[in-house]
Amino acid sequence: MVVQEVDIVARNPDIVGENPLWNPDDQRLYWTDNRSQRVHRLDPATGAVETVVEGHSFYAFTLQADGSLLLFMDRTRVGAARAGEPVRLVIDGLTGEREARFNDVVADRLGRVVAGVIPPEGGTGSLYSVGPDGSAALLASGLEMPNGMAFSSDDRLLYVAETRGRRITLFDYDVDSGTVSNRRAFIDLSGEEGGSPDGITLDADGCLWVALAGGWSVVRYDASGAEMTRVVFPARKITSIGFGDGELSTAYVTSSSRQSTPGEEIGPEGGALFAFQPGATGVPEHRSSVSAEGGLPVR
């Protein structure tokens, strides 16, 4: 089934919009444009958009248990900030990954963060676990650009988009130890046309929503990996998806206006923030609980 009724919520436009995350504390949607070095906040009641954190390349973030933002940046640095306040340094880079950067992240139910790391030029990326005490452990390597991630409702499965590999990879996840095992392919798009998987999220029915960068669309897959619904957008580079509003019944979708090559088609609304009614509800995202005490302002 193809759905084409989408609303344009904001026309910034973002260069590379990412990480739409609903904050139930203030009933706002947060997302980042990592190339313009800003985190935005939308008030759906008024349509007003404001910049709440800026000045650094924020590739992804989580909502902390205390309501602040945990920000994953370049040189594998991690910062923390509240809206309107300076970013404080939490982790000054991962050992052996100082030339790399974070990509996408997701928190588990115990407050850890699983974070994708990609090298500056080519090569494969890795997954790390960042614990509440700020320690980091390598979970998996050799991923072809790890991107969007999502946990199953019981946190026993971890879905990871490999954008360059054009697949969704599935791991078993041990929430007690924060480790992964039994890596296998869940959805393989390498033999198809229509974009590469970027941001992902699960709904309350256990179905996976995948933003297809270069594919003009978001696709919903059932638990077996079969396509159920395709939502088409007036933007070629669809980057991520997250559920919002008080009932988590609205899907918010980010996009990119960046041309990777001169003259590349991006669509008439590339870089816009979109919304649509998916006919399904999301599940609340876990909050991270990584200690940010005593951090100095990021320079």
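How many helices and strands does the chain have? The chain has zero helices and 25 strands, where helices (H or I, at least four residues) and strands (E, at least two) are DSSP runs numbered from the N terminus. The structure is a predicted model, in which local features need pLDDT of at least 70 and side-chain atom pairs count only at pLDDT 80 or more, while totals for chains, interfaces and linings use all residues. Residues are numbered from 1 along each chain as its sequence is written, and side-chain values use heavy atoms, with hydrogens and water left out.

The C-alpha trace spans about 50 × 45 × 40 Å along its principal axes. Of the 299 residues, 56% count as buried, a term that means under 20% relative accessible area, with exposed over 50% and partly exposed in between (1.4 Å probe, protein chains only). Contacts (heavy atoms within 4.5 Å) with a separation of 6 or more come to 46% from residues 24 or more positions apart.

Seven aromatic pairs are present in the structure. Rings of Phe, Tyr and Trp (its six-membered ring) pair if their centres lie within 6.5 Å; planes under 30 degrees apart count as stacked, over 60 as edge-to-face and the rest as tilted. Trp209 and Phe276 form a tilted pair, at 5.9 Å centre to centre and 50° between the planes. This pair links distant parts of the chain, with Trp209 in strand 20 (residues 208-213) and Phe276 in strand 25, 67 residues apart. Trp209 counts as buried because its relative accessibility is 0%, and Phe276 counts as buried at 3%. Ring pairs join Trp209, Phe233, Phe243, Phe274 and Phe276 into a cluster.

Phe243 is also among the contacts of Thr281, which, leaving aside neighbours within four places in sequence, include Asp203 and Glu247. Thr281 is placed in the segment after strand 25 (272-276) and counts as partly exposed, at 33% relative accessibility.

Leu71 lies in strand 8 (residues 69-72) and counts as buried because its relative accessibility is 0%. Beyond neighbours within four places in sequence, Leu71 is in contact with residues including Val39, Val53, Phe58, Phe61 and Val87.
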